Amino acid sequence: MAEQDIIIHPEEDIVDPWTVKSSSDKGVDYNKLIEKFGSMKIDEELIKRMERVTGKPVHHFIRRGIFFSHREMHHILDLYEKKQPFYLYTGRGPSSDAMHLGHLVPFICTRWLQETFDVPLVIQLTDDEKFLWKDLTAEETHKLAYENAKDIIACGFDLDKTFIFSDFDYVGGCTDFYKNICRIQKLVTFNQVKGIFGFDDSTCIGKVGFPAIQAAPSFSSSFPLIFGGHTKVPCLIPCAIDQDPYFRMTRDVAPRLQFLKPALLHSVFFPALQGAQSKMSSSEPTSSIFLTDSQKDIKDKINKYAYSGGQATVEEHKEKGGDCEVDVSYQYLRFFMDDDAKLEQLRKDYTSGELLTGHLKKELITVLQKLVGEHQERKAKITDADVKKFMTPRKLNYKY
Ligand code: TYM
């Protein structure tokens, strides 16, 4: 079976770019997903190798299994060992001005990868995608792309090595990018995108053609200026696993175009406040903590909505203990509490029943108020002129 031919059975978890749903309160079964998607687990051996070749500990997202799956990461490490170049590619669909905590996950990891491997990065803002899928005008999504760029820049990317682009700006303006889109579109049939993305006869033709636009940045020939004309620079894509269908399709067409298949690092989903059956999503405002939320919003949302793995009464909780696997506060702390020892202590004490849900929530509120507060401070300092610099096509500072 080819990478892109995935058959989804109705009783299974649903994971695609538009839907993430699981019937289990523990959330998506990621091991099953690895089997179904045909990717590889990020195992101890890969983690040790990453630490060996880079000479530093991996980011806690990788150490804690938040980035859990990959395609061809060993190949990227081979290149790095041989001092051969590669670049990073990730993206964001600007559907609202308020990005949420889940959106930070791939960007934080990408920033760490850029810093660790010292490589260039392209970030695609798919304002065209959100125009096609959402009830928004092209002018609105184009504007949102610029607003979201500020949140992305606030994650700390290196201006000398980062190009952020809106599809509306760049696709039309770059002949080579559009040629690659057409080359990809020529090789993918309607039958294939129906199978990969669930499109049907009533899907508008814009959506049918869009996957080629998300695929094209995986090939360095789409960026003649950025990569100084180097057309065969290998690509590594960090993203949550919902985006994998696009890249299964990309990897399928690449050899037929004499292009290189992109490598991938996949993360799990940052869960909704209500629990791990669904991911945090902007279209469900009560499921999400937004990067625009005030300190009070954060406190109120966690106290009101964060699903508890605790028992019904204090007595019962002290006797039976809490369940960290389903407790949203603990799960969020796994993403954003850096201190391994403290996290482990909280896990033990909550599981034994010594700590109550209220205590976990308090810890989480402190961590998230700091994270979001500091993000807002960094974002407030980013001017329109800074955004313009990141979004101007230019050769990135890197030796190929
Ligand atoms: P978008 O805007 O839906 O999401 C942006 C990035 O965030 C990831 N993500 C999450 N990660 C963890 N937990 C969550 N709850 C969560 N929700 C979203 C997404 O996987 C993504 O990495 N079509 C894309 C934009 C895009 C892109 C790309 C993404 C264009 N090219 C290349 C990744 C890589 C989109 O709408 O992403």
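This note covers the pocket, the ligand contacts, the salt bridges and the cavity of the structure above.

1. Basis. This is a predicted model, in which local features need pLDDT of at least 70, side-chain atom pairs count only at pLDDT 80 or more, and totals for chains, interfaces and linings use all residues. Residues are numbered from 1 along each chain as its sequence is written, and side-chain values use heavy atoms, with hydrogens and water left out.

2. Largest pocket. Its volume is about 1000 Å³. A pocket here is an open set of points on a 1 Å grid over the protein atoms alone, where a 1.4 Å probe fits, with protein on both sides within 12 Å along at least five of seven lines. Points are joined across faces, edges and corners, and the volume is the space filled by probe spheres set on them.

3. Two or more lining residues come from each of β2 (20–21), β5 (87–92), α5 (101–117), α6 (127–133), β8 and β11. Helices (H or I, at least four residues) and strands (E, at least two) are DSSP runs, numbered from the N terminus. The top contributor is α5, with 5 residues. By class, the lining holds 19 nonpolar, 20 polar and 8 charged residues. Nonpolar covers Ala, Val, Leu, Ile, Met, Phe, Trp, Tyr, Cys and Pro; charged covers Asp, Glu, Lys and Arg; the others, Gly among them, are polar.

4. Ligand. Polar contacts are pairs of N or O atoms within 3.5 Å. A polar backbone atom of Phe270 lies 2.8 Å from a ligand nitrogen. For Met280, a backbone N or O atom is 3.2 Å from a nitrogen of the ligand. Gln243 uses its side chain: an N or O atom there is 3.2 Å from a ligand nitrogen.

5. Asp242 and Lys279. These two form a salt bridge (a side-chain nitrogen of Lys or Arg within 4 Å of a carboxyl oxygen of Asp or Glu). Their closest N and O atoms are 3.3 Å apart. Asp242 sits in the loop between β8 (235–240) and α13 (244–253), and Lys279 in strand β11 (residues 275–279), so the bridge ties together parts 37 residues apart in sequence. Asp242 is buried, at 6% relative accessibility. Lys279 is partly exposed, at 22%. The cut-offs are under 20% relative accessible area for buried, over 50% for exposed, and partly exposed in between (1.4 Å probe, protein chains only).

6. Other salt bridges. The structure holds 21 salt bridges. Asp293 and Lys301 pair at 2.8 Å between their closest N and O atoms, and both residues are buried. Arg347 and Glu344 meet at 2.9 Å, N to O. They are 3 residues apart in helix α17 (residues 340–352), about one helical turn. Arg347 is partly exposed at 30%, and Glu344 is partly exposed at 31%. Arg49, Asp78 and Glu81 are linked in a salt-bridge network.

7. Cavity. The count is 1 cavity of 30 Å³ or more. In a cavity, the probe fits but cannot get out. The largest cavity holds about 50 Å³ of space. Its lining is Ser218, Phe219, Ser220, Ser221, Thr231, Lys232, Val233, Phe259 and Leu260. These divide into 4 nonpolar, 4 polar and 1 charged.

Notes. 1 Å grid on protein atoms, 1.4 Å probe; cavity = no way out; pocket = protein on both sides within 12 Å on 5 of 7 lines; lining within 4 Å. Polar contact = N/O pair within 3.5 Å; in protein donor to acceptor, adjacent residues only side chain to side chain.
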